[in-house]
Amino acid sequence: MNEQSPDFPEFNHETVPVWERLAGFWDDTIGEGNGFQDYLVEPYSEILLDLKPGERVLDIACGGGRFTRRMAAHGVSILAVDHSSIFLERARKRTVENADKIEYRVVNATDKNALLALGKKEFDAAVCTMALMDMASIEPMISALPELLKSGGRFVFSILHPSFHSGEVEFFAESGEKNGVFSQVSGVKVTKYSEPYHYLGEGILGQPEPQHYFHRPLNMIFRTCFKYGFVLDGLEEPQLPKELDTPKGNPLSWTKKRSIPPLMICRMRLAWRSTQGF
């Protein structure tokens, strides 16, 4: 069986300037959080990370540093990296509490050598929050992590759910009446999943320009992690809480599709030496 690459290296250098142009808008819009961050991404990432005071954490693609700052409150020290200097400038300005526990550096996660320069066997855990689907190449990062993490180290990542939330998914809402009772059903229609593909989209409606997305089916993401000695030992597919729904809310909103998870959070743990010689 020929394994298909999870990477799109031809886009590695295109994504950086796009995010330099989008970083300010994103930080202005959701720098203080949104429903996905507040109810799904950060709480469940914390559960899977299970941080202990004194641990050392590598935060990859930290953006404006919101989750970085939240992790620092647990008494861990953090090296937070991102390829956008604008995001990091915003992150430094927002970092007031626990500033002594956080260091920010400009590092492109598609550059394996740049990641390895951060320190071998330096980190107890690594986290990548809602960024893998934005990365043209993920294998350089995943292949570097076994050298960066201590024995038994864990890697927690969150992503848009590839099965239900990608460029080939359409939202729908249907309404009807039966025996005098009105009902409404919302869902998603999936037309493409198994093959990796690139597409342009808006992470925030109205952003100045579209961003690059890279769809990878779950087997491809996990197979890449398994290849470098990780095992999957934690998985969450959370849903937005029912109280966020309103009768007059947008019928296409994720609050109306509560049985379909919009994202997933995974914990991979180093369990054995891979065939790559680490």
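**Salt bridges and ring contacts**

Biologist: Buried, exposed or partly exposed: which is D245?

Modeller: D245 comes out at 28% relative accessibility. Buried means under 20% relative accessible area and exposed over 50%, with partly exposed in between (1.4 Å probe, protein chains only). So D245, at 28%, counts as partly exposed.

Biologist: Noted, and this is a predicted model: local features need pLDDT of at least 70, side-chain atom pairs count only at pLDDT 80 or more, and totals for chains, interfaces and linings use all residues. Residues are numbered from 1 along each chain as its sequence is written, and side-chain values use heavy atoms, with hydrogens and water left out. Which residue forms a salt bridge with D245?

Modeller: A salt bridge here is a side-chain nitrogen of Lys or Arg within 4 Å of a carboxyl oxygen of Asp or Glu. For D245, the closest N and O atoms are 3.0 Å apart, and the partner is K256.

Biologist: How far apart in sequence are R66 and E42?

Modeller: Their side chains meet in a salt bridge, 2.7 Å from N to O. R66 lies in helix 3 (residues 66-72) and E42 in helix 2 (residues 35-49), so the bridge ties together parts of the chain separated by 24 residues. Helices (H or I, at least four residues) and strands (E, at least two) are DSSP runs, numbered from the N terminus. The separation, then, is 24 residues.

Biologist: Stacked, tilted or edge-to-face: which is the F8 and F214 pair?

Modeller: Rings of Phe, Tyr and Trp (its six-membered ring) pair if their centres lie within 6.5 Å; planes under 30 degrees apart are stacked, over 60 edge-to-face, and the rest tilted. The whole structure has 10 such aromatic pairs. In this one the centres are 5.2 Å apart and the planes at 40°, so F8 and F214 are tilted.

Biologist: And what kind of pair do W19 and W26 make?

Modeller: Both W19 and W26 are buried. Their ring centres are 5.2 Å apart with the planes at 70°, so the pair is edge-to-face.

Biologist: Which residue has its charged end over the ring of W254?

Modeller: A charge sits over a ring if NZ of Lys or CZ of Arg is within 6 Å of the ring centre and within 35 degrees of the ring normal. For W254 the distance to the centre is 4.8 Å. The residue also lies over the face of F171, at 4.0 Å from the ring centre, and it's K257.
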